[in-house]
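Colleague: Before I use this model, could you take me through its overall build and then through a couple of individual residues?

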Amino acid sequence: MLRVLVCRALFSVSKPLLRMTIHNRSVTCARDCSQEGNKRNALRWDLTPEDISTMTDSLINRVKAVYDDVGSLKIENVSVENTLKALAYAKLDYASSLHVLDFPQYVCPSKEVRTASTEADKKLSEFDVEMSMREDVFKRITALQKKHQDNLLPEEKRFLNRLVTLGKRKGLHLSKDIQEDIKRTSKRISALSIEFNKNLNEDNTFLVFSERELGGLADSYLNGLDTTEDGRYKVTLEYPHYYPLMKRCYNPETRRKMETAFHSRCKEVNTAILEELIQLKANVADLLGYSCHANYVLEINMAKNASNVSDFLDTFYETLKPIGIKERKYILALKKRECLMKGYQFDGQINAWDLPYYMNQVEQCKFAVNKDKLIEYFPLDVVTEGLFGIYQELLGLTFNEVEHAHVWHENVKLYSALDTETGEEIGQFYLDLHPRKGKYGHAACFGLQPGCRGPDGKRRLPVAAMVANFTKSRKGCPSLLQHHEVETYFHEFGHVMHELCSKTSFSEFSGTQVETDFVEVPSQMLENWVWEKEPLRRMSRHYKDGTTIPDNLLDKLIASRVANTGLMNLRQVVLGKVDQSLHSSPHADTAEVFAKHCKEILGVPATPGTNMTASFSHLVGGYDGQYYSYLWSEVYSMDIYFSRFKKEGIMNPKVGQEYRKVILEAGGSVDGMDMLKTFLGRGPCQDAFFQCKGLIKSKETQTL
């Protein structure tokens, strides 16, 4: 997942959002340091709550002064220099100075600093709304558009048009009363969204089980758990605890308790927040003349409107439905057999807490994938080494660890990325890969600084952070990754590369700031490497003796890619449909909507008393009305992979360099569809996606 923060409006630092620095002097220092590459780490992570408060006020005052200057210009005096570039550099200052302020709420070990960071985020979000609704500035922008529409550079023209579009999307062409309503509501939306995520980040729920209740789990899992005084095990709801248990524990009551707790996180408070957000967003959409919030957000995406998204999801559902029925029958047979063997009562249905367990059983029964054995070949350090090697070779880059880097936690590492051919540093990235108290609980990429041109004409170095929650190493055993975690690693690191490789003029288009339904394309495309023999061999070695994965184990793993294809993708359809339903209505009972779609589409009822949407952070993290993007963009990513890389060589540096240039370097300065057509040499199609999922035969197979 690419972390997307909301309500960046005119300050569209949209995709992974974070913040950095302090007074003018400090900002200059940080930027100078970034030009020195890995000689010194430019970002500060030792801030006190007082520092964060002071820096927030300083940033607000500095940027507001620029907007005041632009807003006071005589209309006839507006120019590219005093209006467009002045705003561009203010945005760059803002984007380059935000990250140290609101990123700590996701990663800092200190609760006091996390709280201060959250408060800074709220304050800055309010400021974002204020600046995005400066009618005086909007009038100067529209005047400039009329005056210089035909004599601008392509990216300048795109930037100017974007500013006008964003201004209209905030209602700046409407009456003062409507503008005030939108401003007030937008501030409330920002505050509630931040609160929703804070509640999830601070959740520290754990359950206690006896060894008998954890039947089916390996000793290595149990040894990684804390224990109570009476010898029972504490199991948290963090990913390294939750998902292995749900897949491996054969005790259905234990799974039921865990699944219930997991989908009840922050249920009361976050359900209320989410349902208020749905109403508020519907109100804003109505004020702006849109039929619903979904149509409002989709207007600037590739999909354009909710009707197209509905057609897209319905097509997927119809294709996947018969596969899902077949897979559910097989799972139900597995469950019936196991209940008879273990003496459990068979209730004749698949429950939510059964699904991950029996889907794992399908992989073992149909494909004989030995996950206990497989995990031994993916120690984190080896995966990292192999992943780095693949990305470096493919994209023409070189990664070097920055020694003695200033970081926010001792387990965090900083790396410098250089262009291999020129030796020029192109950016830096952090890796923060293990769970800890108060840390963001999912896997995500956060863009920390944009890569674009500054006022001096020189490129500013982008900085990004990959945040994940892989199992920690412990005495006698390194951190070992499940194969799906290796896939997650490749995915998020793909976002990091998108951030670092972009070469745009404006921060507005830097890195992942593309259409939301295109943003996952580069990272999803790179997931394919973890399903190919050569890359898998490069990123794996047995953690004890360094031996390679046996061919038979590797073959079974690769074949298992099509396991549970129907149910896994139907789950994505469910989430896409839930998201569209919630954001196509003025109000909603979120638990009821989720339960309805689960039963109708997935054929598995939601657990009574739970509400998955209360912890569905995408709905308040910038994917509201846009969760379909994961399936939508996967269609494009598969087309890219099969049409170019699979055909011309998955480690072909020529294709990799072309991909870097056409897709990654462009950032958001080019429409996603135009990038696709350039790289593919034609318009995209869905065949590769369905072929990869095993739903249609390849053309080669069909002609045999």
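This is a predicted model: local features need pLDDT of at least 70, side-chain atom pairs count only at pLDDT 80 or more; totals for chains, interfaces and linings use all residues.

Modeller: Residues are numbered from 1 along each chain as its sequence is written, and side-chain values use heavy atoms, with hydrogens and water left out.

Colleague: What radius of gyration does the protein have, against that of a compact globule with 704 residues?

Modeller: The radius is taken over C-alpha atoms, and the globule rule is 2.2 Å times the number of residues to the power 0.38. For 704 residues a compact globule would come near 27 Å, and the protein agrees with this, its own value being 25 Å.

Colleague: What share of the contacts with a separation of 6 or more is between residues 24 or more positions apart?

Modeller: A contact here means heavy atoms within 4.5 Å. Among the contacts in the protein with a separation of 6 or more, the share from residues 24 or more positions apart is 76%.

Colleague: How many residues are in the largest nonpolar core?

Modeller: Such a core is a set of buried Ala, Val, Leu, Ile, Met, Phe, Trp, Tyr and Cys residues joined through side-chain atoms within 4.5 Å, where buried means under 20% relative accessible area, exposed over 50%, and partly exposed in between (1.4 Å probe, protein chains only). Phe 103, Tyr 430, Tyr 489, Phe 493, Trp 529, Phe 645 and Tyr 659 touch the most other members of the largest core, whose residues number 195. Apart from it lies another core, which includes Leu 214 and Phe 262 and has 18 residues. To return to the largest core, its count is 195.

Colleague: Is Met 466 buried or exposed?

Modeller: Met 466 lies in strand β8, residues 463–467, a strand being a DSSP run of E with at least two residues and a helix one of H or I with at least four, both numbered from the N terminus. Leaving out residues up to four places away in sequence, Met 466 touches Tyr 430, Tyr 489 and Phe 493, among others. Because its relative accessible area is 0%, Met 466 counts as buried.

Colleague: Why does Gly 224 count as partly exposed?

Modeller: Gly 224 lies in the loop between α10 (219–223) and β2 (226–227), and beyond its neighbours within four places in sequence it is in contact with His 241 and Arg 474. Gly 224 counts as partly exposed because its relative accessibility is 41%.
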